[in-house]
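Keep the structure open as you read.

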Amino acid sequence: MTRLLVVHHSPTRALRALTDAVVAGARDPEITGVKVEVREALDWARGDADHTTLIEADGYLVGTTANFGDMSGALKHVFDSTFLQVGGALAPDGSGDATEGATSGRPYGLYVHGRYDLTGAVRSVQSIIGALGWQQAYDVLEVMGDVDEQATVAAYELGATVAAHLSD
């Protein structure tokens with residue numbers, strides 16, 4: 001059975017609603033052979049998760065708030081504390097170097113919520129994930145403002161699509 005890891009920082013009702021919809025989609029009953037594990041980004045800060053949590057997964061769904069033009073500090077801590085152990089590498093010019101690391105080539109999906117501009121948050125996550133060599137399995141879900149039915153349906157589709165990439 002393959003393992004899909006949902007790593008999120010959901011401090012708001014809006015992001016919690018998106019996370020719940022992403023997880024529901026990933027656990028769609030028509031998708032078989034995929035075990036979905038949900039971990040809060042703060043699990044890494046508490047020591048309840050580490051780089052092996054990422055290495056043992058076959059794919060990823062990543063969720064964050066957009067804070068001051070960047071991803072949440074909690075999610076950044078996940079990447080900061082695991083980057084080299086999970087196969088991240090940088091080229092001499094400082095850009096991402098997607099070498100054949102421990103997690104390279106694995107599918108992922110990303111969802112971001114904020115009240116204003118999401119550009120910096122999406123860019124910061126994408127740059128780190130690019131340096132890990134993960135492969136985008138679905139469009140980034142960007143939701144600004146209130147989370148409505150259209151956003152939760154899109155979140156469900158994101159979760160289901162990434163899970164389907166890992167399905168039997």
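How many bridges join strand 1 to strand 3? There are 5, and the two strands run parallel. Bear in mind that this is a predicted model.

## Strand 3 and its neighbours

Strand 3 also pairs with strand 4, again in the parallel sense, over 6 bridges. To find your way around, look for Leu5, which stands opposite Tyr60 in strand 3. Toward strand 4, Gly63 stands opposite Tyr111.

Is strand 3 covered on one face or both? Both faces are covered: Gly59, Leu61, Gly63 and Thr65 are buried on one side, and Tyr60, Val62 and Thr64 on the other.

## Thr64, a polar side chain inside

Thr64 sits in strand 3 and is buried, with a relative accessible area of 0%. What does its side chain find in there? A polar atom of the Thr64 side chain lies 2.9 Å from the backbone nitrogen of Ser72.

## The aromatic cluster

The structure holds 3 aromatic pairs. One of them is Tyr60 with Trp134, a stacked pair at 3.9 Å centre to centre with 10° between the planes. This pair links distant parts of the chain: Tyr60 belongs to strand 3, while Trp134 is in the loop between helix 5 (119-132) and strand 5 (135-136), 74 residues apart.

Both partners are tucked away. Tyr60 has 1% relative accessibility, so it counts as buried, and Trp134 counts as buried too, because its value is 5%. Ring pairs link Tyr60 and Trp134 with Phe79 and Tyr108 into a cluster.

In soluble globular proteins, nonpolar side chains tend to be buried together. Here, the largest nonpolar core has 29 residues, and the members that touch the most others are Leu54, Tyr60, Val62, Leu75, Phe79, Val125 and Trp134. Strand 1, strand 3, helix 4 (73-82), strand 4 and helix 5 each give two or more residues to this core. Helix 5 gives the most, with 7 residues.

A second, separate core has 23 residues, among them Ala26, Ile31, Val34 and Val162. Back in the largest core, Phe79 is one to click on. Not counting residues up to four places away in sequence, Phe79 touches Met71, Val125, Ile128, Ile129, Leu132 and Trp134.

Helix 6 covers residues 149-166, 18 residues in total, and reaches 26 Å from its first C-alpha to its last, close to the 26 Å expected. At the start of helix 6, a side-chain oxygen of Asp148 comes to within 3.2 Å of the backbone nitrogen of Gln150.

Which residues of helix 6 are buried? They are Ala151, Ala155, Leu158, Gly159, Ala160, Val162, Ala163 and Leu166. The elements covering them include strand 1 (2-8), helix 1 (13-26), strand 2 (34-40), strand 3 (59-65), strand 4 (107-114) and strand 6 (141-144).

Helix 1 also carries Ala24, which is partly exposed at a relative accessible area of 36%. The C-alpha atoms of Ala24 and Val36 are separated by 9.7 Å, with the two residues 12 apart along the chain.

Methods: Residues are numbered from 1 along each chain as its sequence is written. This is a predicted model: local features need pLDDT of at least 70, side-chain atom pairs count only at pLDDT 80 or more; totals for chains, interfaces and linings use all residues. Side-chain values use heavy atoms; hydrogens and water are left out. Helices (H or I, at least four residues) and strands (E, at least two) are DSSP runs, numbered from the N terminus. The expected span of a helix is 1.5 Å times one less than its number of residues. Buried means under 20% relative accessible area, exposed over 50%, partly exposed in between (1.4 Å probe, protein chains only). Contact means heavy atoms within 4.5 Å. A polar contact is a pair of N or O atoms within 3.5 Å; within protein, one must be able to donate a hydrogen and the other to accept it, and residues adjacent in sequence count only if both atoms are side-chain atoms. Rings of Phe, Tyr and Trp (its six-membered ring) pair if their centres lie within 6.5 Å; planes under 30 degrees apart count as stacked, over 60 as edge-to-face and the rest as tilted. A nonpolar core is a set of buried Ala, Val, Leu, Ile, Met, Phe, Trp, Tyr and Cys residues joined through side-chain atoms within 4.5 Å. Two strands pair if DSSP finds at least two bridges between them.
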